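Subject: Structure handover

Hi,

Here is the structure for your files. My notes on it follow below.

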Amino acid sequence: MSSGEGQGRQGEFARLRELVRVFVDERDWDQFHTPKNLSAALSVEAAELLEHFQWLQHGRADELGLEKLTQVRHEMADVLVYLVRLADKLDVDLMAAVEEKMVLNRAKYPADKVRGDARKYHEYKDS
């Protein structure tokens with residue numbers, strides 16, 4: 001990743017964080033946005049996202065249809081908003097966290113060992 005790409009991504013997250021901050025400030029909701037409450041809200045929104053896929057065979061866009069896909073998009077936005085808000089409250093740089101986690105994941109799931117294999121790392125570790 002070039003530094004220009006990193007700046008662009010950081011800029012998008014900063015813009016998103018500010019958009020959410022303004023929305024929250026306009027409603028005086030910061031008092032309710034504790035990390036615990038935001039984590040709970042994030043979990044609820046993730047469950048609402050999952051609900052749209054319940055009982056579908058694969059959950060692909062053509063299986064959802066346009067109306068459901070719009071609802072899924074809105075639930076995805078809710079999940080992202082709460083995650084960004086939680087990161088803001090805990091002063092977590094989400095891009096840095098993802099980059100750090102990908103380093104850990106690469107070590108846990110080496111591409112040459114796990115390509116095409118969906119098992120958890122502990123299930124193939126000795127194979």
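His 52 first. His 52 counts as buried, because its relative accessibility is 14%. Buried means under 20% relative accessible area, exposed means over 50%, and partly exposed lies in between (1.4 Å probe, protein chains only). His 52 sits in the loop between helix 2 and helix 3. Setting aside neighbours within four places in sequence, His 52 is in contact with Leu 64, Lys 68, Gln 71, Val 72 and Glu 75. Contact here means heavy atoms within 4.5 Å. Leu 64 is 12 residues from His 52 along the chain, and their C-alpha atoms are separated by 8.1 Å.

Some ground rules. This is a predicted model, where local features need pLDDT of at least 70 and side-chain atom pairs count only at pLDDT 80 or more, while totals for chains, interfaces and linings use all residues. Residues are numbered from 1 along each chain as its sequence is written, and side-chain values use heavy atoms, with hydrogens and water left out.

The overall picture. The protein has six helices and zero strands. Its elements run α-α-α-α-α-α from the N terminus on. Helices (H or I, at least four residues) and strands (E, at least two) are DSSP runs, numbered from the N terminus. Of the 127 residues, 19% are buried. The accessible surface is about 9,700 Å², and carbon and sulfur atoms hold 56% of that. Those areas come from the Shrake-Rupley method with a 1.4 Å probe; for residues, only the protein chains shown count as cover. Among contacts with a separation of 6 or more, 55% are between residues 24 or more positions apart.

Now the helix pair. How do helix 2 and helix 3 pack? Helix 2 (residues 35–51) and helix 3 (residues 61–89) meet at an angle of about 165°, and their axes are 9 Å apart. Helix 2 is therefore roughly antiparallel to helix 3. The cut-offs are under 35 degrees for roughly parallel, over 145 for roughly antiparallel, 65 to 115 for roughly perpendicular, and oblique for the rest. Axes are lines fitted to C-alpha atoms, for helices over the stretch in contact, and angles run from 0 to 180 degrees between N-to-C directions.

On the helix 2 side, the contact residues include Leu 38, Leu 42 and Leu 49. On the helix 3 side, they include Val 72, Met 76, Val 79 and Leu 86. The contact residues divide into 12 nonpolar, one polar and six charged. Ala, Val, Leu, Ile, Met, Phe, Trp, Tyr, Cys and Pro count as nonpolar, Asp, Glu, Lys and Arg as charged, and the others, Gly among them, as polar.

Two backbone points to check. Most residues other than glycine have a negative phi. Asp 28 has a positive phi of about 55°. Asp 28 lies in the loop between helix 1 (3–27) and helix 2. Asp 91 also has a positive phi, near 55°. Asp 91 is in the loop between helix 3 and helix 4 (94–108), and counts as exposed at 72% relative accessibility.

Last, Ala 97. Ala 97 is in helix 4. Ala 97 counts as partly exposed, at 32% relative accessibility. Ala 97 and Ala 87 are 10 residues apart in sequence and 9.9 Å apart in space, C-alpha to C-alpha.

Best wishes
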